[in-house]
Amino acid sequence: MNATKKIVFTLFQPATLALIVLFWAFAPASLLDKAWIITAISIGTLVLVQALEFINERHTGWRLDRREFLTDLFYVGLYFAVIAKLETKLAEEPLASAKQALGITTVWAMHLPFVAQVALALFVMEFGQYWLHRLMHNSFLWWTHAPHHHITQLNAAKGLVGNPLELFLVSLSVIAVFDLPLNAVFCAYNLTGAIAAFAHANVRFYTPRWYSYLFTTVEPHSLHHTVGFNETRCNYANALILCDRMFGTFRQGEASVVGQEERKRLLISQQFMFPFRPLMAMIRGNQDKSAPPV
Ligand SMILES: [Zn+2]
Ligand SMILES: [Zn+2]
């Protein structure tokens, strides 16, 4: 192992997060009303992490081919062009209006140091996402989340591959209830995106122990994607694996073989139609044998 390569792949994850924090800490106010900047940083991070897969690959079985690349590209477009915008219109803006109408204020949050504001935003976002994701593995909501688990390999953009309804639900957050400066919220948003990209990437990182104690990495997240439905009920956190440690669902280890239902890869049309499977099975008058024991 080349020593420089070892250093780069040890420091890459923490250094990227530090750069994102620095960028937003010192971002000029003129950038804050430009929605494209957050999208540009998110997509830039995805491209960068994807490129790393060709420099220090984790598993040859996860290597990106044309079919996987085009599917990932479709979902990146869908997420940033449609789902993120729907999220703003249907969830964040109504929540911000309700907060104003009800006179809810958390002015104290505006006086915290920037790093504490980012940490607060990150925790609020992740806390909600953790419980919703956990609920998805333990209720009928599995039908929306299962397509994400039918992916048969992990790559940088795979965090965005799934049923659109699930992608919308899992991005919901109550962060709009808090009075926080826009740059702290944008920073937390960019951090979760970068960490999710690292956690899905086919990259062999040599992660520092403190980093993997706090943040989700590919080891616990690949275990979450392992074959067998019951085995997926661990390591739910999107970015803060600390949530799993706090709520007793952390499991050590990793998996190289991922997927569900005998690793059946779904087409995009099948990913879109997946939540209707129970309904279609009911119409056909028979039990869907693929139903998991939720
Ligand atoms: Zn899951
Ligand atoms: Zn995942």
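Visitor: Which helix gives the nonpolar patch its largest share?
Guide: That's α12, with four residues. Helices are DSSP runs of H or I with at least four residues, and strands are E runs with at least two, numbered from the N terminus.

Some housekeeping: this is a predicted model, where local features need pLDDT of at least 70 and side-chain atom pairs pLDDT 80 or more, while totals for chains, interfaces and linings use all residues. Residues count from 1 along each chain as written, chains are lettered from A and ligands numbered from 1 in written order, and side-chain values use heavy atoms, without hydrogens or water.

Visitor: What makes the nonpolar surface patch of about 790 Å²?
Guide: Phe74, Phe272, Met273, Phe276, Leu279, Met280, Met282 and Ile283. Patch members need over 30% relative accessible area and no salt bridge; nonpolar side chains (Val, Leu, Ile, Met, Phe, Trp, Tyr) are joined within 5 Å, like charges within 9 Å. A salt bridge puts a Lys or Arg side-chain nitrogen within 4 Å of an Asp or Glu carboxyl oxygen. Areas are Shrake-Rupley with a 1.4 Å probe, and for residues only the protein chains shown count as cover.

Visitor: Why is Phe272 called partly exposed?
Guide: Phe272 lies in α11 and has 31% relative accessibility. Buried means under 20%, exposed over 50%, and partly exposed is in between (1.4 Å probe, protein chains only), so Phe272 counts as partly exposed.

Visitor: Why is the site of the zinc ion (ligand 2) called irregular?
Guide: Its protein donors are His148, His200, His221 and His225, each through NE2, at 2.1 Å. Donors are N, O or S atoms within 2.8 Å of the metal (3.2 Å for Na, K and Ca); water isn't among the atoms, so sites may look incomplete. The angles run from 86 to 162°. Tetrahedral needs all four-donor angles between 85 and 135 degrees; square planar (four) and octahedral (six) need opposite donors over 155 degrees apart and all others between 65 and 115; anything else is irregular.
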